[in-house]
Amino acid sequence: MAQAKIQAKMNDAMGSKFSRTLSMADRSGELLESLDQLEMRVEALRETASAMEQERELILETIQSIQNGQELRNISQGEREELSLTANRLMGRALCVEVSVGTIRNSQQEEALRNANSLIDEIVKKLLDDMNSGRERLLAVYAACVTEAPPVPIDQKFQALVISCALEDQKKIKRRLETLVRNVENAGKNIKIMDHQKLEDPQANGCQ
C-alpha cells in the first residue's frame, strides 16, 4: 500500500513537470508568433516611411521645377510674385516635414557612405561653377549606379564606394543622383541647384 502511494506521488510529480514543460513550450510559441507579427509590422512601417521620404523628395523637386520653369517667366510680374510667394511657402512647409528611415551600418559602410556623399557634394559645387564639366562628372557617377549599359564612362572609384555601402544607402544614393540629373537636364542655362535630399535644418527654413 505504501509502495502504491509512493508510485502515485512519483507519477503526479512527473505529470506536473510534463505539464509545466508543455506550458513553457506553448508560451514560447506564442511569444515567437508575436515577434513574427511585430517583424512584419516593423518592415511595413519602414516601407511606409521610405515611401514618405520619396514623396517628400518628389514634392520638393516639383516645387523647384515650378520656381525655375520658363512658365513662371511668361506671366505678368504681379502674378509671378504671387505664385512665387505661394511656392516659397509650400517649399518651407515641405522642408519642415522630417521623415527618416535609419540604416544599421558597420564601420566600412559608414566610411563608404560618408565618402560617397562627399563626392556628390563636390559635384553639386562643380555644377554651380562649371555646368558642362560638372554635368560630365555627374553622369559618370550616375552611370556607376545603374544596371543598364550607360552611354558615358563609369566612375569606377565611385562605383566601388557605392558597392561598399549598405543596400538601403545604395538606393538613396541612386535617387539623389537621379534628382540631380533631372535638375541639370531641366534647368537649362539658368541653373539653380537645390539638393533637398540631404538633411535640412528646420530652424533655418522656419515652419509656417
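Visitor: Is Cys165 buried or exposed?
Guide: This is a predicted model. Buried means under 20% relative accessible area. Cys165 has 3% relative accessibility, so Cys165 counts as buried.

Visitor: Is Cys145 buried or exposed?
Guide: The cut-off for buried is again under 20%. Cys145 comes to 14% relative accessibility, so Cys145 also counts as buried.

Visitor: How many disulfides does the count come to?
Guide: A disulfide needs two cysteine sulfur atoms within 2.5 Å. The closest cysteine sulfur to that of Cys165 belongs to Cys145, 9.1 Å away, which is too far for a bond. Cys145 is in no disulfide. The count of disulfides comes to zero.

Visitor: Is α3 oblique or roughly parallel to α5?
Guide: Helix α3 covers residues 107-129, and helix α5 covers residues 156-164. Their axes lie 8 Å apart, at an angle of about 140°. Roughly antiparallel starts over 145 degrees, and roughly perpendicular ends at 115. The angle therefore makes α3, relative to α5, oblique.

Visitor: Which hand does the crossing of α3 and α5 have?
Guide: The two helices pack with their axes 8 Å apart. Where α3 passes α5, the crossing is left-handed.

Methods. Residues are numbered from 1 along each chain as its sequence is written. This is a predicted model: local features need pLDDT of at least 70, side-chain atom pairs count only at pLDDT 80 or more; totals for chains, interfaces and linings use all residues. Side-chain values use heavy atoms; hydrogens and water are left out. Buried means under 20% relative accessible area, exposed over 50%, partly exposed in between (1.4 Å probe, protein chains only). Axes are lines fitted to C-alpha atoms, for helices over the stretch in contact, and angles run from 0 to 180 degrees between N-to-C directions. Helices (H or I, at least four residues) and strands (E, at least two) are DSSP runs, numbered from the N terminus. Angles under 35 degrees count as roughly parallel, over 145 as roughly antiparallel, 65 to 115 as roughly perpendicular and the rest as oblique. A crossing is left-handed if the near helix is turned anticlockwise from the far one by less than a right angle, and right-handed if clockwise.
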